[in-house]
Amino acid sequence: MPDIVVYGTGGFGREVMFLIEDINKVENTWNVLGFLDDNAEIHRKIINGYPVLGGFDWIISHSKSRQIHVALGIGNPKTKEMLAKKLENLSSNIFFPSLIHPSVIISEHVELGKGNIICAGNILTCNIKLKDFVTINLSCTIGHDVVIEDFVTILPGCNISGNVHIKKRVEIGTNTAIIQGLEIGENTIIGAGATVVKSLPSNCTAVGTPAKPIKFHS
C-alpha cells in the first residue's frame, strides 16, 4: 500500500484523516503514516490516534528515498496553493492523490486533476471538470458541465448548478447557491448562505441574496 500523510492538524486536516479512514474501511488502500504540521510545538504528539511526524523538514528528508502521498488538510485557497507549490518543487517522489469519500455519488464522466478532496455526501453529476487541489466539503451538489479551477474551496452544503465556471482560488461559503451559467472570478470569496444569480468579478468578497460584492482585495 502507498504511504500517505495529511498536511495540517487543524479541523479540516482531521476531517481529511477521517475521510482516509473511511476509504480504508471499504478497501484497504492507504498506509497512513500520520500528520505533518509546521507548528513545532505539536511535533511527536498524537492527534486522533496518529503521530504528528514533523513539518516541512520531515518531508524533505523522507521523500529522498521513498514515495510519499500527501493530502493537504488546508481549506484556505491561497495557503493551499503556497504549500502545494513548495511541495511540488521539492521532489519527484511526492504525489497528490485525489481522495473521494465512499459515499460520494460521482459520474464516470467527471474529470479529476490531482490533489482533489471530495468529502462525504457530495453529488457530482456529469461532464464536470475539477482541476488541481479542489476541496469540496460535506454535502454539496455540483451540476453538469461545471468547471472548477485550481485551489478552489467549497464549504459544506453548497449547490452549484450546471455550466458554472469557478476560477482559481475561489472560496465558497457554507450553504451558498449558484444558479446556472455563471462565472466566478479568481480569488473571490462568497459569504455563507449567499444566493449567486449574476456572475461575480475577480478579487471581491460577495454576500447576500442576491450576492453582491461588498469589497475588493488584492
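Predicted model: local features only at pLDDT ≥ 70, side-chain atom pairs only at ≥ 80, totals over all residues.
## Overall form

The secondary structure of the protein comprises 3 helices and 25 strands. For a chain of 218 residues, a compact globule would have a radius of gyration near 17 Å, and the protein agrees with this expectation because its own value is 17 Å. Along the principal axes, the C-alpha atoms occupy a box of roughly 50 × 35 × 30 Å.

Of the 218 residues, 49% count as buried. When contacts between residues at least 6 apart in sequence are considered, 29% of them join residues at least 24 apart.

## Helix α1

Helix α1 covers residues 11–26. Its 16 residues should span 22 Å at 1.5 Å a residue, and the end C-alpha atoms are 23 Å apart, which agrees. The buried residues of this helix are Phe12, Gly13, Val16, Met17, Leu19, Ile20, Asp22, Ile23 and Asn24.

Strand β5, residues 68–72, is mostly covered, with 5 of its 5 residues buried. In a regular strand the side chains alternate between the two faces of the sheet. In β5, Ile68, Val70 and Leu72 point one way, while His69 and Ala71 point the other way, and all are buried.

Strand β5 pairs with two strands described here. With strand β1 (residues 3–7) the pairing is parallel and extends over 4 bridges; the bridge partner of Ile4 in β5 is His69. With strand β6 (residues 94–95) the pairing is also parallel, over 2 bridges, and Ile68 stands opposite Ile94 in β6.

Strand β4 (residues 50–54) pairs with strand β2 (residues 31–36) in the parallel sense over 2 bridges. In this pair, Leu36 stands opposite Gly54 in β4.

Strand β3 (residues 46–47) pairs with β4 in the antiparallel sense, again over 2 bridges, and Ile47 stands opposite Tyr50 in β4. The strands β3 and β4 form a hairpin with 2 residues between them, and Asn48 in the turn has a positive phi of about 50 degrees.

## Two open sheets

An open sheet of 8 strands has the order β7-β10-β13-β16-β19-β22-β24-β25, with mixed pairing. Its edge strands are β7 (99–100) and β25 (212–216), each of which pairs on one side only. Strand β7 pairs with strand β10 (residues 117–118) in the parallel sense over 2 bridges, and Leu99 stands opposite Ile117 in β10.

Another open sheet has 6 strands in the order β8-β11-β14-β17-β20-β23, with parallel pairing. Strands β8 (105–106) and β23 (195–196) stand at its edges with a single partner strand each, so one side of each is left without a neighbour in the sheet. Strand β8 runs parallel to strand β11 (residues 123–124), and 2 bridges join them. Within this pair, the bridge partner of Ile106 in β11 is Leu124.

Val170 lies in the loop between β18 (165–166) and β19 (171–172). Val170 counts as buried because its relative accessibility is 0%, under the 20% cut-off. Leaving aside residues up to four places away in sequence, Val170 touches Pro77, Phe151, Val152, Thr153, Ile184, Gly185, Glu186, Asn187 and Thr188.

Thr205 is found in strand β24, residues 204–207. Its relative accessible area is 11%, and Thr205 is therefore buried. With residues up to four places away in sequence not counted, Thr205 touches Ile189, Lys212, Pro213, Ile214, Lys215 and His217. Val170 and Thr205 are 35 residues apart in sequence, and their C-alpha atoms are 10.0 Å apart in space.

Terms used:
Residues numbered from 1 in each chain as written. Heavy atoms only, no water. Buried < 20%, exposed > 50% of the residue type's maximum accessible area, 1.4 Å probe, protein only. Pairing = 2+ DSSP bridges. Rg over C-alpha atoms; globule rule 2.2 N^0.38 Å. Contact = heavy atoms within 4.5 Å. Expected span 1.5 Å × (residues − 1).
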